[in-house]
Every structure is written in structure tokens, then in C-alpha cells.
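Please read this note with the sequence and the 3D view open. It is meant for someone who has not seen the entry before.

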Amino acid sequence: MFRPIASTLERRAVTLQVQGRPITAREGDTLAIALLNAGVTPFRQTPVSAQPRAPMCLMGVCFDCLVEVDGRQNVQSCMVEVSDGMQVRLPTGARRAEDAA
Ligand code: FES
């Protein structure tokens, strides 16, 4: 049904670290798609009830895909492209206060 504009094989492979584990994606993939392709789920847990969350809309509306990217908290993974060496952490609990300002 959906096909990427460029063939997957035509795009350069990039490696990112997820919770310290390397995963491979293709340049131009969104981070959410790269994580889902690698079998990563859930992406986070809600701060109050610890319910698991994973991407739902894949277009920046639901905020269920929030992860930490290179130390930046609450990044919508469906709205950023992967890059080589990207460091991703799957958040649990509330946002850390030192980064809230
Ligand atoms: S999947 Fe809904 S905002 Fe990212």
C-alpha cells in the first residue's frame, strides 16, 4: 500500500544507539519508523500510570512517540529523521526538571 519514494537499497545505512544498543536504519527514515522496524516497543511509559505508549498517528499529532534524542527530552520521534550516531533513550516517568527550563 505505502512505498518509500526512493528504494530502501538506494538510501545510505545509518547506525544509531537505542538504550546503548546499535540499530541500523536508512537515511531519510523517521526515528519512529526506524525504532518500529527494529522491534522497539513501547517507546515510553506515561508519567502518572506507567502505561506503555508507542506511535499512533506518525504525523506529529498524538505525542505517543516521545523519546529522548541526544539528551533532548520529549522529542516526537515521528517528526525527526535518523542520523548516524544518534543516541536515543526511551523515557520512563516524568521529564527531568533540569531540562525543563
Ligand atoms: S506518532 Fe503521533 S506524534 Fe508521533
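1. Basis of the note. This is a predicted model, in which local features need pLDDT of at least 70, side-chain atom pairs count only at pLDDT 80 or more, and totals for chains, interfaces and linings use all residues. Residues are numbered from 1 along each chain as its sequence is written.

2. Overall make-up. The chain has one helix and seven strands; helices (H or I, at least four residues) and strands (E, at least two) are DSSP runs, numbered from the N terminus. Along the sequence the pattern reads β-β-α-β-β-β-β-β. The radius of gyration is 14 Å, close to the 13 Å that the globule rule gives for 101 residues, so the chain is as compact as a globular protein of that length. Here the radius is taken over C-alpha atoms, and the rule is 2.2 Å times the number of residues to the power 0.38. Along the principal axes, the C-alpha atoms fill a box of roughly 40 × 30 × 25 Å.

3. Of the 101 residues, 20% count as buried. A residue is buried if 20 or more other C-beta atoms lie within 10 Å of its own, exposed if 12 or fewer, and partly exposed in between, with C-beta atoms placed from the backbone. Among contacts with a separation of 6 or more, 36% join residues 24 or more positions apart; two residues are in contact if their C-beta atoms, placed from the backbone, lie within 7 Å.

4. The sheet. Five strands form an open sheet in the order β2-β1-β7-β5-β6, with mixed pairing. Two strands pair if DSSP finds at least two bridges between them.

5. Strands β1 (residues 13-18) and β2 (residues 21-26) run antiparallel and are joined by six bridges. At one of these bridges Ala 13 is partnered by Arg 26, and at another Val 18 is partnered by Arg 21. Two residues separate β1 from β2 in this hairpin, and Gln 19 in the turn has a positive phi of about 55 degrees. Strand β5 (residues 66-69) pairs with β6 in the antiparallel sense over three bridges, with Leu 66 opposite Gln 76. This hairpin also has two residues between its strands, and Asp 70 in the turn has a positive phi of about 50 degrees.

6. The links through β7. Which strand runs parallel to β7 and is joined to it by two bridges? That strand is β1, and its Gln 17 stands opposite Gln 87 in β7. On the β5 side, two bridges pair β7 with β5 in the antiparallel sense, and Val 69 has Val 88 as its bridge partner.

7. The core. The largest nonpolar core has 14 residues, and those with the most contacts inside it are Leu 31, Ala 34, Cys 65 and Val 67. Both α1 and β5 supply at least two residues of this core, and α1 gives the most, with four residues. A nonpolar core is a set of buried Ala, Val, Leu, Ile, Met, Phe, Trp, Tyr and Cys residues joined through C-beta atoms within 7 Å. Leaving aside neighbours within four places in sequence, Leu 31 is in contact with Val 69, Ser 77, Val 80, Val 82 and Val 88.

8. Two loop residues. Val 80 lies in the loop between β6 (72-76) and β7 (87-89). Val 80 counts as partly exposed because it has 16 C-beta neighbours inside 10 Å. Not counting residues up to four places away in sequence, Val 80 touches Thr 30, Leu 31, Val 69 and Val 75. Gly 39 is found in the loop between α1 (31-37) and β3 (44-45). Is Gly 39 buried or exposed? With 7 other C-beta atoms within 10 Å, Gly 39 is exposed. Gly 39 and Pro 55 are 16 residues apart along the chain, and 13 Å separates their C-alpha atoms.
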